[in-house]
Amino acid sequence: YKVLPPYIKDLSKIDLKNYQTTFETPVQSCITYPKDKEVINKNEKEFVINGYAYSGGGRNILRVDISLDDGKTWQQADIKDGNQQEFNRAWAWCLWELKVDLNKYNNNLKIICRATDNSFNTQPEKSENVWNLRGINNNSWHKIKIKL
């Protein structure tokens, strides 16, 4: 696997031998619940957003930040499973969750997650900064929208 710069648009014009092979994945996270465009009952007593985070090279996940307003403000999720992995030997996903009071929000929520690892690598905001022709290692913020 070779990650190409975002400005390369045509594989026929390059020699892949001139690019390094990818051996480690960058820090990444994903929202697993709720699903994108899901309709949520606002009257639920406790609403929990779930997901996972991982970083290559055995780097530990230090934190996962969640935004419920499209990135204007952030709050830290609780890392559950995977947070006790030995330093720089974190080979498994970290599972995270955030409990939310839906009564504070109106009709729609734009939820974003981003993770930071123990080298203080943080996911980039925009996919345009890491997108590449081969689609490898795009680790930009994961975003979903839900309806209340």
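Mentor: Start with the contacts, meaning heavy atoms within 4.5 Å. Of the contacts in the chain with a separation of 6 or more, 66% are between residues 24 or more positions apart. This is a predicted model, in which local features need pLDDT of at least 70 and side-chain atom pairs pLDDT 80 or more, while totals for chains, interfaces and linings use all residues. Residues are numbered from 1 along each chain as its sequence is written, and side-chain values use heavy atoms, without hydrogens and water.

Trainee: How many helices and strands does the chain have?

Mentor: Helices (H or I, at least four residues) and strands (E, at least two) are DSSP runs, numbered from the N terminus. Here there are zero helices and eight strands, giving the pattern β-β-β-β-β-β-β-β.

Trainee: Why is strand β7 described as largely enclosed?

Mentor: Buried means under 20% relative accessible area, exposed over 50%, partly exposed in between, with a 1.4 Å probe and protein chains only. In β7 (residues 108-117), eight of the 10 residues are buried, so the strand is largely enclosed by the rest of the structure. For the chain of 148 residues, the buried share is 36%.

Trainee: Which strands pair with β7?

Mentor: Two strands pair if DSSP finds at least two bridges between them. Strand β3 (residues 61-67) pairs with β7 in the antiparallel sense over six bridges; there D65 has R114 of β7 as its bridge partner. Strand β8 (residues 142-147) also pairs with β7, antiparallel and over six bridges, with N108 opposite K147 of β8.
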